[in-house]
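Subject: Handover of a structure and its findings

Dear colleague,

Please find the sequence and the structure below. My notes on what was found follow them, and I would be grateful if you read the two side by side.

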Amino acid sequence: MSVHFDRTWFAKAKKTQREVAREIGIDEAYLSKVVRGQIEPSVVKAIRIARCLGCAVEDLYGRGDGGSAARKARSARRGRR
């Protein structure tokens, strides 16, 4: 199961990636790779990220609905469903 990041969570939390990384004690480059979908965070790190952003950890994994709203929106813009 892969993480699907909605970058608007940072805006809603009024935090930058740098602030989130520092707050939860991870490297900013690591968080950037997680956000871009290049690496999967451990469960513990996923929980810390979600708590820091004020969302549920299930939101990071699309709640089992087949994917995140952001990914679905990107697909719709590309003409795929």
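At 43% relative accessibility, R18 counts as partly exposed; buried stands for under 20% relative accessible area, exposed for over 50%, and partly exposed for what lies in between (1.4 Å probe, protein chains only). The model is a predicted one, in which local features need pLDDT of at least 70 and side-chain atom pairs count only at pLDDT 80 or more, while totals for chains, interfaces and linings use all residues. Residues are numbered from 1 along each chain as its sequence is written, and side-chain values use heavy atoms, with hydrogens and water left out.

Salt bridges

R18 forms a salt bridge with E28, and their closest N and O atoms are 3.0 Å apart. The term requires a side-chain nitrogen of Lys or Arg within 4 Å of a carboxyl oxygen of Asp or Glu. This pair links distant parts of the chain, since R18 lies in helix 2 (residues 17–24) and E28 in helix 3 (residues 28–35), ten residues apart. Helices (H or I, at least four residues) and strands (E, at least two) are DSSP runs, numbered from the N terminus. E28 is partly exposed as well, with a relative accessible area of 32%. By the rule above, the count comes to two salt bridges. The side chains of K15 and E23 also meet in a salt bridge, at 3.1 Å from N to O. K15 is partly exposed, its relative accessible area being 23%.

The chain as a whole

The secondary structure comes to six helices and zero strands. Of the 81 residues of the chain, 36% count as buried. Among contacts with a separation of 6 or more, 51% come from residues 24 or more positions apart; a contact means heavy atoms within 4.5 Å.

Helix 2

V20, A21 and I24 are the buried residues of helix 2. They cover an arc of only 100° around the axis, which puts them on the same side of helix 2; the arc is that of the directions from the helix axis to the C-beta atoms. The face turned away from this buried side carries the exposed residues R22 and E23. The buried residues of helix 2 pack against helix 1, helix 3 and helix 4. After helix 2 comes G25, with a positive phi near 80°.

Helix 3

In helix 3 the buried residues are L31, S32, V34 and V35. Seen down the axis of helix 3, these residues fall within an arc of 160°, so they line one face of the helix. They pack against helix 1 (8–13), helix 2 and helix 4 (43–53). At the start of helix 3, a side-chain oxygen of D27 reaches to within 3.0 Å of the backbone nitrogen of A29. This is a polar contact, meaning a pair of N or O atoms within 3.5 Å; within protein, one must be able to donate a hydrogen and the other to accept it, and residues adjacent in sequence count only if both atoms are side-chain atoms. Just after helix 3, G37 takes a positive phi of about 80°.

Between helix 3 and helix 4

E40 has its place in the loop between helix 3 and helix 4. At 37% relative accessibility, E40 counts as partly exposed. E40 and H4 are 36 residues apart in sequence, and their C-alpha atoms are 9.8 Å apart in space.

Helix 4

The buried residues of helix 4 are A46, I49, A50, C52 and L53. Viewed down the axis of helix 4, they fall within an arc of 165°, so they line one face of the helix. On the other side of helix 4, V43 and R51 are exposed. The buried residues of helix 4 pack against helix 1, helix 2, helix 3 and helix 5 (57–60).

Aromatic rings

A search of the whole structure finds two aromatic pairs. The rings of F5 and F10 have their centres 5.8 Å apart and their planes at 20°, so this pair is stacked. Rings of Phe, Tyr and Trp (its six-membered ring) pair if their centres lie within 6.5 Å; planes under 30 degrees apart count as stacked, over 60 as edge-to-face and the rest as tilted. Both F5 and F10 are buried, and F5, W9 and F10 form one aromatic cluster.

Yours sincerely
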